[in-house]
Amino acid sequence: MDKKARVRLLAIAFVGALVAQAPAFAQQRLTIYSAYENSQIAPLTKAFEAKNPGVAVDHFRQPGEELLATIELELRARSPKADVVGLNDASIAYLQRRHDAFEPYAAKDVDKARVEMRSLQNVFTPAFVNLYLIHYNTRKISEADVPKSWAELADPKWKNQIAMADPSSSQSVQSFVWFIADHLGKSDPAKFGWDYFKRMGANGVHLESSHGTIRDLTVSGERPIGINLLANAQTAKNRGEPTSNIWPREGVPGELSAFGLLRASKNKELGKMWLDFVISPEGQGLMPASLGGAPVRNDVAYKYPDGSSLDQVKIIPVDSAFISENKRTQARKFHDAVGK
């Protein structure tokens, strides 16, 4: 065999080896379970895939409490399907306490996150801060007329015009329930506490399982006022929809959304790559346009959908430990008060 023939054979063998390896490389898949809509998380997953050629992300989504139940069922059956889970920090704490579900991992640059946003044991990697606000349809309600406080939502003038999430199906609304019933209930029991939800029930508040659905009801004008999360107000702003928001004068509960690496993950290295990306400047810069929340790093510029800066909003940190331990009791009390 001459030299040219040997070179051709070697080249063919080399290409054949690459082709044989390519499917295995292309089949690296990271499975993420989260409560975020596919359209919201897509910019983040696409940027991650572009940064890591050969890695594909599979995203499974359910409303928070439903997703929590799914994860628990899989953990009890010893057959978890996800590699990474995206929930609020209270739900992650609950899963860790009940099932030792997550493997601690200190993501690269996690020390750049604001101190109050970090997990001391690195059980989760903080992604963004989600705040409750009053979201309203600007074609139905003028800025001058929109309620400026949480207390005003119980005014009969807003009867059958307000939607909020149901704590039996939404994990995030537990933060709002705690804020109204326990936090404000202690400082101003005449206006808040569980009686506030009785007044809201009498006012015809509409309950939904998903904050995304509440956003859609506000955008359509069917329920022109939504008790909603920053992420959904930001998404509506990104889409150019006819809505704006009010920061109520009593302050707003701040919920931390995060990702955790499941201890039983079959793709831990991919999971760690995802957590590194989430806290990176690139990942944090995408949060407002993707998941819709405020970045957790001070070195990433951000303004709220209405143009307010970070220091103009009165944020009340939620009691995540209380929420994770009492969510079922709180949901029952809520329904007793609302009467639905």
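User: How exposed is Asp109?

Analyst: Partly exposed counts as the range between under 20% (buried) and over 50% (exposed). Asp109 has a relative accessible area of 25%, so it is partly exposed.

User: What is the phi of Asn160, and where is Asn160 found?

Analyst: Its phi is near 60 degrees, again positive in a residue other than glycine. Asn160 lies in the loop between β4 and β5, where β5 spans residues 162-165. The relative accessible area of Asn160 is 44%, so this residue is partly exposed.

User: What about Ala264: where is it found?

Analyst: In the loop between β9 (252-261) and α9 (268-279). Ala264 has 40% relative accessibility, so it counts as partly exposed. Its C-alpha atom is 21 Å from that of Leu120, a residue 144 positions apart from it along the chain.

User: Now helices. How do I read the packing of two of them?

Analyst: Two packed helices are described by the angle between their axes and the distance between the axes. Take α4 (residues 89-99) and α11 (residues 320-338). Their angle is about 70 degrees, and their axes are 8 Å apart. Angles of 65 to 115 degrees count as roughly perpendicular, so α4 is roughly perpendicular to α11.

User: What is the handedness of the crossing of α4 and α11?

Analyst: Right-handed.

User: Which residues in α4 meet α11?

Analyst: Asp89, Ala90, Tyr94, Arg97 and Arg98. On the α11 side are Ser320, Ile323, Ser324, Glu325, Lys327 and Arg328. By type, the contact of α4 with α11 has six charged, three nonpolar and two polar residues.

User: How far should I trust the coordinates?

Analyst: Where pLDDT is low, the predicted coordinates should not be read in detail. In this chain the mean pLDDT is 90, and 92% of the residues reach 70 or more. Over residues 3-26, however, the pLDDT is below 50.

Key:
Residues are numbered from 1 along each chain as its sequence is written. This is a predicted model: local features need pLDDT of at least 70, side-chain atom pairs count only at pLDDT 80 or more; totals for chains, interfaces and linings use all residues. Side-chain values use heavy atoms; hydrogens and water are left out. Helices (H or I, at least four residues) and strands (E, at least two) are DSSP runs, numbered from the N terminus. Buried means under 20% relative accessible area, exposed over 50%, partly exposed in between (1.4 Å probe, protein chains only). Axes are lines fitted to C-alpha atoms, for helices over the stretch in contact, and angles run from 0 to 180 degrees between N-to-C directions. Angles under 35 degrees count as roughly parallel, over 145 as roughly antiparallel, 65 to 115 as roughly perpendicular and the rest as oblique. A crossing is left-handed if the near helix is turned anticlockwise from the far one by less than a right angle, and right-handed if clockwise. Contact means heavy atoms within 4.5 Å. Ala, Val, Leu, Ile, Met, Phe, Trp, Tyr, Cys and Pro count as nonpolar, Asp, Glu, Lys and Arg as charged, and the others, Gly among them, as polar. pLDDT is the predictor's confidence in each residue, from 0 to 100.
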